[in-house]
6 protein chains.
Amino acid sequence: MKLLLVNPNTSASVTDLIRAEAERTAAPGTDVQVLTAPFGVAYIETRFEALIGAYAVAELAARHHGQYDALVVAAFGDPGLQGLREVLPCPVIGLTDAALASACLLGQRFSIVAISQRIRAWYGETVAHYGLGSRLASIRGLDEPLADIGNVQGDQSERLVQLAERCVTDDGADVIVLAGAPLAGLARSLHGRLPVPCVDGVSSAVRHAESLVALQPGSASRGSFAPPPIKPHHGLSPALQRLLASGPDVSAPSN
Amino acid sequence: MKLLLVNPNTSASVTDLIRAEAERTAAPGTDVQVLTAPFGVAYIETRFEALIGAYAVAELAARHHGQYDALVVAAFGDPGLQGLREVLPCPVIGLTDAALASACLLGQRFSIVAISQRIRAWYGETVAHYGLGSRLASIRGLDEPLADIGNVQGDQSERLVQLAERCVTDDGADVIVLAGAPLAGLARSLHGRLPVPCVDGVSSAVRHAESLVALQPGSASRGSFAPPPIKPHHGLSPALQRLLASGPDVSAPSN
Amino acid sequence: MKLLLVNPNTSASVTDLIRAEAERTAAPGTDVQVLTAPFGVAYIETRFEALIGAYAVAELAARHHGQYDALVVAAFGDPGLQGLREVLPCPVIGLTDAALASACLLGQRFSIVAISQRIRAWYGETVAHYGLGSRLASIRGLDEPLADIGNVQGDQSERLVQLAERCVTDDGADVIVLAGAPLAGLARSLHGRLPVPCVDGVSSAVRHAESLVALQPGSASRGSFAPPPIKPHHGLSPALQRLLASGPDVSAPSN
Amino acid sequence: MKLLLVNPNTSASVTDLIRAEAERTAAPGTDVQVLTAPFGVAYIETRFEALIGAYAVAELAARHHGQYDALVVAAFGDPGLQGLREVLPCPVIGLTDAALASACLLGQRFSIVAISQRIRAWYGETVAHYGLGSRLASIRGLDEPLADIGNVQGDQSERLVQLAERCVTDDGADVIVLAGAPLAGLARSLHGRLPVPCVDGVSSAVRHAESLVALQPGSASRGSFAPPPIKPHHGLSPALQRLLASGPDVSAPSN
Amino acid sequence: MKLLLVNPNTSASVTDLIRAEAERTAAPGTDVQVLTAPFGVAYIETRFEALIGAYAVAELAARHHGQYDALVVAAFGDPGLQGLREVLPCPVIGLTDAALASACLLGQRFSIVAISQRIRAWYGETVAHYGLGSRLASIRGLDEPLADIGNVQGDQSERLVQLAERCVTDDGADVIVLAGAPLAGLARSLHGRLPVPCVDGVSSAVRHAESLVALQPGSASRGSFAPPPIKPHHGLSPALQRLLASGPDVSAPSN
Amino acid sequence: MKLLLVNPNTSASVTDLIRAEAERTAAPGTDVQVLTAPFGVAYIETRFEALIGAYAVAELAARHHGQYDALVVAAFGDPGLQGLREVLPCPVIGLTDAALASACLLGQRFSIVAISQRIRAWYGETVAHYGLGSRLASIRGLDEPLADIGNVQGDQSERLVQLAERCVTDDGADVIVLAGAPLAGLARSLHGRLPVPCVDGVSSAVRHAESLVALQPGSASRGSFAPPPIKPHHGLSPALQRLLASGPDVSAPSN
């Protein structure tokens, strides 16, 4: 089984964190490939940065189309996830998507611990889009600028644990989600230090991607996740053109 | 890894279906044990029957306490699930819980196809309890009494496919969940016949249970899924008494 | 009119509190019987304890089937309520159910004052299940272990009043619900001391049970509260067997 | 105990229906007085008509202030209810308010059967305002103009039963609410003819008003249902002036 | 284009504030007329006061029927708005309605800054009625009695800015709504002083009223905002009688 | 005042429709410029196509940065809207955003009439993201492939009117929203033919953009719509680089 993880951030140090945690998690027969966005910002915190990241992920997903059994959009907030789920014939999973699935299997209400204040609005909207607002206890974030995005865990580990404690004590969280690719692997290293179960996005995404490939649920030929109808387009990269050409012909009813 | 699946229904034929699908799904190193409720009804369709099933599952979970790495409550509707999650130190997963986690990773809105009309209300309340009402496209059920609960798939396969088709066409489902232990394995045998991805509870639960054991998220010593405080009790089976004795002492603050 | 109140807790002292308040409330022609759960825990605070309590209530309701005009499940959180409503041909009311109905007739938003921190999650889920989350201002609870469950009112009366004050001032409550059978009668003794209307579960349940018996709304022969279809069962007490035998024959269409 | 029921419609024939059902329902010691709106429309179906009815009820409630132990706003849709609850020191109940409380104690989801198509939007907004949208299965209404508002029950009884049947079969209702003062008493005369429990507003309101008086929950001196702060006013009837003069002096903090 | 703004409060000083801001906002060709409620209270803070204000607005709207192209109900909380929208053939806009439309076009979540604590409940219910609860970050209000309703801006300007700051910092507001006719014009004078966009009701209502007149969307001959069916009425002012006479004849089907 | 409208579709014929309606709507002093996406698909119906469109709009918005007073994202579904609202210092409006604001000012519940079945899921998610799900009566779409996207109005006008009729009669819509840039101007040409008010996105967006510019609400220096913190980026066009350089320096606290 081949998993492609795409880091929508341009930070190679974050890609390294993702790769390390993905490799620790993957089953023996799983081949993990991790790519960095060819364009975009160092780490996505806002809707506009996510808009750029989504396009970057789409470009990479298209270039490597046919070379993986499942795609992981490896940023919390899942830029481009639902769009890619339409055009790709394989499972597509995001870090939020995956971490929330894990969290929901471990308790009733979860909190998200994040790397900045600013990122909270975007994460909150992502959770709401997934219809899980009633299970979200809180989102708490670090409140200082990050000195080094690739070393947040080292610099801020104690502070992140404190935030998680407050999520449990003050907000009623049953589960903690450590959010964001820069925290990949932290859940593993905090094992036993938190008073409730704790999950992260990368390990959850790798496990769930493997599960979906194994379950063989089939793909969508109808409904809102079927490939978009083929139609005229303009100015797209050859990879994206090939991807769009895999949809149904628009001259047939589009239901 | 040892998984215990408990069938809250008393039908041995349904237990066989559960076992067969669980074994087809489990990873090589996973040992699957499937038990049948020692008391209850043949197949649970209502809140009252689920109340009985919950207690039967609790009794079995307590008797075998310490002998499994994860517990699967093997009826859609998840009788007793959240209570058991409090008292057991390992992952506890239900068929609804698990199937919905799979479905949410495959599309935005899902429909549930069920074995009777009557069962729809109970399933709907289960989905609502999980906070996923906004992603539920519909619940459709067979409308004739079941001749043989152990052979619903054989008797009703075409009718179930038709119901799934209507979920996609009329209700806007992106994913189909085949609900209920009596349909265990049907998603697998329908592979490629439905226009959208299709999942079932047993295979989803086995995969996700394995994932949660592998992820080692830790257990709850605080919050609403910590073990209940130890307190006087009366009239319980020795197994349940032992289980309750694993909680924190009530003389300490209970937060 | 005969009312049966079942205390799902095993504390006889709590049963006494329930009986005293029920007798103070009941109309002249109403005969009140109060029974204690034959098995379970001293006082229910969690989902798992409620699972046990639900089965204990079911057993007692079945044993005394036909001997009462309405049943009151006399613990806040209403263990087993909706299941029993299916199988019994008479009104079945719980303390939460009843207190919330009173509260909704007195204001727009209510707060719940409870006997422990731990119990809040279970109460919150109960309110959500009743679809009343948007009217819930807050749930506040005592934060120390209870010395004596039968004397919470004596020990903690001032602290409970303070919690109620904060519900009004900080949380915007229009009505206070004093929750839990151990607080039965407290609303009555606090009369005039709180700045907003205050209700409790036992008195509300007795009044509403009397009302439903008087209104003669009829019972359900269809829909999700009709008796479960008759089907094979196993290992149940004679009383539960008799109760299940009152449903419709499964060979008829089950709609 | 003195109950004042105010019919916000100007139809004396509807007032007679209300009075008859209220007297059938009231406990021996309850004195029932029913008044007709001194101005307004024959039967309220819309928001604008309800706006007028609310003012008419307020005027009558003010004129008779101090002469009743509880007030019933005797139109479904509850015109003026929440405003009157602020200014009156006694329980104030509406037909929707009361019927929904009854329905919620009898099942999980209810449908409303109404006297016209047009009235459905106003009823739906009333249910939503009470936060009970998730328990509303449907609102169905007669689709022909009413020949005689005082004789809807006689003219349309069979059609109303058919609508109730469809609410159960097609919409999943567990309980039927017969809505509107013109249907007062119909639930009683249909006893045993519907497949699920059935309630109406007038009998529910009388019972619940009696209960609230008996429970003595206290009144609001703070929160959003305390009397409005005293402040300058202009052009109001002497009765309304007296009513507004019962609030707290505005020179004190208004919290 | 003629706009009629009706102040449902009886304070002439507030009417002056409304007029000044409306005239500053109106386009060159727009003729603005502002009227004061002929009866009611000095400033509306509660549901009951709003009930009175609604009737006062209705009376004025009826008296001047046919003399304006759009009506603005010039109190936050929008007393009578939806009822008037039924009977009037032109756009009818309220201050809440209008300010929320502006706020929604400027960000995702908004907070409301108001002139008293008491008024918060009524405002909150208004926002909920408009279905915008998920976009409401908070409602904060002044907590001292108002010395002079016509000079709140002068007396409390700094305090209002502080409340707005807290809405942004503590509550996550993207936009501030300055609520209530007594604050008309304050958004304009605070320009540049707040860290997020800021709108008020009067200027928003004038702009949106002009837009709706210009867009010519048509009026409702069916649906829940069509004029109420003509039916018998009693005791109404000549103006209200004329207004009600503009609806469809009740002898036609009422759909 | 200069308005820039960007058509995220690549169809020049649709751009022409947008321009014509925008010019019909704009106030005398408003200068309207309409641009076509430099890359993307002919007409956006799905999440993936919207992902591409969002990036194309961002590119054009960046290239013309500083040359307009407000930006209109001229496709229903509003691709890129919320991201652009972060980075641009002027009002940014989308067709859904704008049409829903108009619809909410005209009635309580609205339906959307769209050009295809497929597009409904994307539109539904957009409405849900704006928190307006409770006001959405339905989304109905044409069910045949479009022969000519630039002439849908000519080809399908009668069918679109029929869909609108069903929204009113079957779904309870108070207002109709004609959705999608290809329908720009249709609301105007249907004037008087529908039984409820009818709005479209382009005319609404132009009016509301003009209003927001006139109201001068200020821009966000804090909160979730402040410009993203400046941080390292890679591979972006010069225009996007300039746009991102307008945010606050990341070395300052990012709150």
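Two strands count as paired if DSSP finds at least two bridges between them. By that rule, S3(D) pairs with strand S10 of chain E, residues 233-234, because 2 bridges join them. The two strands run antiparallel. D:Val41 stands opposite E:His233 in S10(E). The model is a predicted one.

Helix H4 (residues 95-104) packs against helix H8 (residues 201-215) of chain D at an angle of about 85°. Their axes are 8 Å apart. Angles of 65 to 115 degrees count as roughly perpendicular, so H4(D) is roughly perpendicular to H8(D). From H4(D), the contact is made by D:Leu95, D:Thr96, D:Ala98, D:Ala99, D:Ala101 and D:Ser102. From H8(D) come D:Gly201, D:Val202, D:Ser204, D:Ala205 and D:His208. The residues of this contact divide into 6 nonpolar and 5 polar, with no charged residue.

Next, a single residue of chain E. E:Asp155 lies in helix H6 (residues 152-171) of that chain. E:Asp155 has 14 inside 10 Å, so E:Asp155 counts as partly exposed. Leaving aside residues up to four places away in sequence, E:Asp155 touches E:Ala147 and E:Asp148. E:Cys198 is 43 residues from E:Asp155 along the chain, and their C-alpha atoms are separated by 20 Å.

Strands of a sheet pair through backbone hydrogen bonds, either parallel or antiparallel. In chain B, 4 strands form an open sheet in the order S2-S1-S4-S5, and the pairing is parallel. Strand S2 (31-36) and strand S5 (92-94) stand at the edges. Each has a single partner strand, so one side of each is left without a neighbour in the sheet. From one strand to the next, the twist averages 20°. B:Val73 stands opposite B:Gly94 in S5(B). Helix H2 (residues 47-63) of chain B lies across strand S1 (2-7), S2 and S4 of chain B. This helix runs at about 150° to S1(B).

Two copies of a chain are related by a rotation about an axis and a shift along it. What rotation superposes chain A on chain B? The rotation is 180°, with 0.0 Å of shift along its axis, and the RMSD is 0.0 Å. That is the relation of a two-fold axis. Of the residues of chain A, A:Ala101 comes closest to the rotation axis, its C-alpha at 2.7 Å. The interface fits this picture: 100% of the interface residues of chain A are also interface residues in chain B, so the copies meet through the same surface.

Technical notes
Residues numbered from 1 in each chain as written. Chains lettered and ligands numbered in written order. Predicted model: local features only at pLDDT ≥ 70, side-chain atom pairs only at ≥ 80, totals over all residues. Buried ≥ 20, exposed ≤ 12 C-beta atoms within 10 Å, placed from the backbone. Contact = placed C-beta atoms within 7 Å. Axes fitted to C-alpha atoms, helices over the stretch in contact; angles between N-to-C directions. Parallel < 35°, antiparallel > 145°, perpendicular 65-115°, else oblique. Nonpolar A, V, L, I, M, F, W, Y, C, P; charged D, E, K, R; others polar. Least-squares fit on C-alpha atoms with pLDDT ≥ 70 in both.
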